[in-house]
Amino acid sequence: MSKSHFTRRSVNRFGTKSPSIKIEREASPLQKLGWKSFFQQQLTLEELEQYLPLRVMAVHRSRLELAGEQGAVSLPLTGSLVANLPAVGDWLLLEKSSGYFVRLLSRSSQFERMAPGGHQVQMIAANVDSVFIVSSLNDDFNLSRIERYLALARESGCSPHLILTKADLCEDTAPFLQALRPFGELPVAMVNSLDRESVAQLRQWCLSGETIALLGSSGVGKSTLLNALSGESLAETGTIREADSKGRHTTRKRSLHTLSWGALLLDSPGMRELGLVHVEDGVAETFSDIEALARECRFSDCQHQSEPGCVVQEAITGGSLDDRRLRNWQKLQQELSRNGQTLAQKRAGERALSQMYRSVQNQARKRKYHGED
């Protein structure tokens with residue numbers, strides 16, 4: 001188990017400094033749940049005495065599963081909690097005396113997506129430190145999907161890692177690694193999720209007190225990976241269809257699991273739709289090679305199709321840039337613009353409706369006032 005420590009130098013009887021002595025200090029129960037100074041600084045000393053900080057481990061339809069210094073707590077989803085619906089990974093405060101909900105703490109990071117239907121934003125998880133983007137070494141391997149997850153992770157400020165599963169079923173991994181060359185220094189690991197020794201290499205990225213989210217489509221082995229890392233059957237697992245390598249949903253809800261050495265893994269259902277919203281910087285970082293080329297084009301409004309002096313098209317012709325990567329960059333930019341406009345229109349409609357309600361209320365008050373006269 002990982003432990004925090006501080007260093008103290010002692011002075012010997014000759015007045016000279018002795019070698020440093022490391023004094024190890026066991027991590028607190030809250031630190032093992034991911035509690036950091038970022039959250040501590042949001043509370044006054046008085047609040048620390050009156051309130052209990054707890055972390056959301058799972059969200060159900062009518063209740064929350066929480067964990068704190070005193071252990072596990074189940075909290076009904078009622079009242080102000082419904083209005084401030086927490087996400088898995090959130091930290092919230094409860095009154096020590098009554099157990100009443102006080103407030104949510106500000107998030108260090110958050111994952112959100114455009115909900116299916118494209119009319120509102122849906123929170124996925126909060127306060128994540130790293131992301132394991134999980135993909136299979138079979139027909140599920142999809143560069144465009146990986147780029148989509150990368151944009152989401154980088155926008156949140158999390159450290160992304162690519163985990164390629166089912167390595168035991170892949171005879172030749174070279175083509176997959178070749179396809180990943182445009183991803184630069186992205187950490188990549190190939191594992192057999194059923195083999196604990198194979199999965200053990202991931203422990204270097206699962207530090208005590210750190211929260212790691214497992215993201216990927218159904219059937220890539222996220223739950224199997226969780227079980228192998230933990231050494232326990234924490235999540236239900238299933239199989240994939242041999243005909244098309246498509247996975248079946250086994251994980252029904254997002255949940256946070258603590259590992260024996262103090263890391264936390266967030267398991268989540270495979271998302272068939274990962275609509276991106278508010279991740280402009282994440283897309284720019286994921287496609288930094290294309291962004292740099294685009295700045296060299298002759299025209300500032302170049303569409304990178306058939307315009308003269310297009311450096312992006314020259315790179316494709318020269319073989320240094322894949323046309324698929326350019327198409328996906330353009331697709332994600334269009335998606336961000338479309339989703340941003342949809343949300344702006346929705347907010348404008350809500351403001352107009354609110355103004356109409358206020359106008360009707362004001363007129364009713366005026367009629368009542370004149371009637372009393």
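Biologist: Why is Phe-38 called partly exposed in this predicted model?

Modeller: The relative accessibility of Phe-38 is 36%. Buried means under 20% and exposed means over 50%, so Phe-38 counts as partly exposed.

Biologist: What makes Phe-39 buried?

Modeller: Phe-39 has a relative accessible area of 3%. The cut-off for buried is under 20%, and therefore Phe-39 counts as buried.

Biologist: Why is the ring pair of Phe-38 and Phe-39 called edge-to-face?

Modeller: A pair of aromatic rings is described by the distance of the centres and the angle of the planes. For Phe-38 and Phe-39, the centres are 5.2 Å apart and the planes stand at 85 degrees. Centres within 6.5 Å make a pair, and planes over 60 degrees apart count as edge-to-face; the pair is therefore edge-to-face. The structure holds 6 aromatic pairs, and ring pairs join Phe-38 and Phe-39 with Trp-35 and Trp-91 in a cluster.

Biologist: How do you know that Cys-297 is in no disulfide?

Modeller: A disulfide is a covalent bond between the sulfur atoms of two cysteines. The cysteine sulfur nearest to Cys-297 belongs to Cys-310 and is 4.0 Å away. The rule asks for sulfur atoms within 2.5 Å, so Cys-297 has no disulfide partner. By this rule, the count of disulfides is 0.

Biologist: Why does Cys-297 count as buried?

Modeller: Its relative accessibility is 9%, and the limit for buried is under 20%; Cys-297 is therefore buried. Cys-206, at 1%, also counts as buried.

Methods. Residues are numbered from 1 along each chain as its sequence is written. This is a predicted model: local features need pLDDT of at least 70, side-chain atom pairs count only at pLDDT 80 or more; totals for chains, interfaces and linings use all residues. Side-chain values use heavy atoms; hydrogens and water are left out. Buried means under 20% relative accessible area, exposed over 50%, partly exposed in between (1.4 Å probe, protein chains only). Rings of Phe, Tyr and Trp (its six-membered ring) pair if their centres lie within 6.5 Å; planes under 30 degrees apart count as stacked, over 60 as edge-to-face and the rest as tilted.
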